[in-house]
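Work through the exercises below with the model open beside you, and try each task before you read its solution.

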There are 2 protein chains.
Amino acid sequence: MKIDVILLPKETAALDLSDSVCIVLDIFRATTTIVTALANGCKAITPALSIEDAQKLASQIGAVLFAGERQSIKIEGYEFGNSPFEFCKEKVTGRNIVMTTTNGTIAIKAAEKAYRTFIGSFVNAKAVCRQAKQHGKDLVIVCAGTDGLFSLEDTLCAGLLVQLLKAECEVTLSDSALAALLLYAQAKDTLVETAVQSRNGKRLYDLRRMDDVEYCLSADLFTIVPQYIAGKIVLENK
Amino acid sequence: MKIDVILLPKETAALDLSDSVCIVLDIFRATTTIVTALANGCKAITPALSIEDAQKLASQIGAVLFAGERQSIKIEGYEFGNSPFEFCKEKVTGRNIVMTTTNGTIAIKAAEKAYRTFIGSFVNAKAVCRQAKQHGKDLVIVCAGTDGLFSLEDTLCAGLLVQLLKAECEVTLSDSALAALLLYAQAKDTLVETAVQSRNGKRLYDLRRMDDVEYCLSADLFTIVPQYIAGKIVLENK
């Protein structure tokens, strides 16, 4: 299996992903939150690129809850921001959510032409690797980045996924996949201290959301794998 | 001093570099070769984006030697390819060279609008850091990459430069600068073994140029700092 890590979603524009499995990562916090919401019983999450787009999609879907942030702050009037702790069972079970975030939804949509598009994070790392390798395709891990710039925490998670896959099957790594692997190896014993030095980490620290930082870096809390298919994020095989 | 690492030169298009010092890195092999040639007495190197461009520039300069490669292979009819070992004192002293390489010259030209544009490498790492910080500006390290993709070896060198600067002055690191620092810390004790797993490293290995790989990863062979100014690469203050 060849593994490539795309450090910014805009790089995917130049790629033919149709024969690749993609895993999308936006660790602080969209993909971590999506995994959490679906693990807590949310029916489906529809990603939207803008507030207008979210409104339009909601009018097509029917009864929905809105989730979204800009610069880590909840959008006014929305039911949810982007903290995974908000998406508890009581609030999300059986519900449809329309979500628009600064970076995560852009990355998910950038990967939509892949053979399969899975939602990854630390909190479902092993599960998403297991799922990704079942298809016998090459793997492209898409890091969401932040406002078009490289994000440390996404690449750290990419490194964990590469490490997990390398331990279980024969892999050929691109330079960026190799870099992610080395980066994770260097940081894994001080993951919170390292990730909080990142731009998003600092922002969450300043917003007093260290609980989010620690949660988003916790590996394997869940065994579910959300898939983006036909415009919606749902659990695989549901 | 803020330090940013640009993982691909195309990212520089979106940046205003006019108040930043840039260091350009193309470790395998353009910037290593440029530093070597100038250390060996070459008068100036004029980077050209294409073979046609090289021809045109040469006709303006007068007596020149041509250097260049495509996919690590010397361009037919040129005096030099892109191996630093070719650029010995006997051949380059006092000469003007026009150089076109696959990635390095693109990166150098991408950084030409900076306040100062220096040519960096492992072989002049300490010297280029010393020079870069003298200007009291923020620093942008531009990695050439390979055919528009991320290159491991360029980012490893960026990590060494970040480490050297961090040891000597107060620095604020972007996520990519922090990642480069961590990457270098992980790989520094096995630099050759790590870098030879990269795409360019493998290619040079296949071409039986392990001498180039080892040379290009040797820190501080020289204390000179080439600067790109008015279309030419010359030694600073010359």
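**Exercise 1: two helices in contact**

In this predicted model, the axes of helix H5 (residues 125-133) of chain B and helix H6 (residues 152-168) of chain B come within 10 Å and cross at roughly 55°. Decide how H5(B) and H6(B) are oriented to each other, and find which residues make the contact.

Solution. Angles from 65 to 115 degrees count as roughly perpendicular and those under 35 as roughly parallel. The crossing angle here is roughly 55°, and H5(B) and H6(B) are therefore oblique to each other. H5(B) passes H6(B) in a right-handed crossing. From H5(B) the contact uses B:Ala125, B:Lys126, B:Val128, B:Cys129 and B:Lys133, while H6(B) brings B:Leu160, B:Leu161, B:Leu164, B:Leu165 and B:Glu168. Sorted by class, these are 7 nonpolar and 3 charged residues, with no polar ones.

**Exercise 2: the interface of the chains**

Describe the contact between chain A and chain B by its residues and its buried area.

Solution. Chain A and chain B each give 21 residues to the contact. The area buried between them is about 1,800 Å², and carbon and sulfur atoms give 67% of this. On the side of chain A, the residues A:Asp175, A:Leu182 and A:Gln186 supply 32% of the area that chain A buries against chain B, more than any other three residues.

**Exercise 3: salt bridges**

Solution. One salt bridge joins A:Asp212 to A:Arg29, with the closest N and O atoms 2.6 Å apart. This pair links distant parts of the chain, 183 residues apart, since A:Asp212 lies in helix H10 (residues 210-216) of chain A and A:Arg29 in the loop between strand E2 (20-25) and helix H1 (30-39) of chain A.

Key
Residues are numbered from 1 along each chain as its sequence is written. Chains are lettered from A and ligands numbered from 1 in the order in which they are written. This is a predicted model: local features need pLDDT of at least 70, side-chain atom pairs count only at pLDDT 80 or more; totals for chains, interfaces and linings use all residues. Side-chain values use heavy atoms; hydrogens and water are left out. Axes are lines fitted to C-alpha atoms, for helices over the stretch in contact, and angles run from 0 to 180 degrees between N-to-C directions. Helices (H or I, at least four residues) and strands (E, at least two) are DSSP runs, numbered from the N terminus. Angles under 35 degrees count as roughly parallel, over 145 as roughly antiparallel, 65 to 115 as roughly perpendicular and the rest as oblique. A crossing is left-handed if the near helix is turned anticlockwise from the far one by less than a right angle, and right-handed if clockwise. Contact means heavy atoms within 4.5 Å. Ala, Val, Leu, Ile, Met, Phe, Trp, Tyr, Cys and Pro count as nonpolar, Asp, Glu, Lys and Arg as charged, and the others, Gly among them, as polar. Buried area is the accessible area (1.4 Å probe) that two parts lose on being put together, summed over both. A salt bridge is a side-chain nitrogen of Lys or Arg within 4 Å of a carboxyl oxygen of Asp or Glu.
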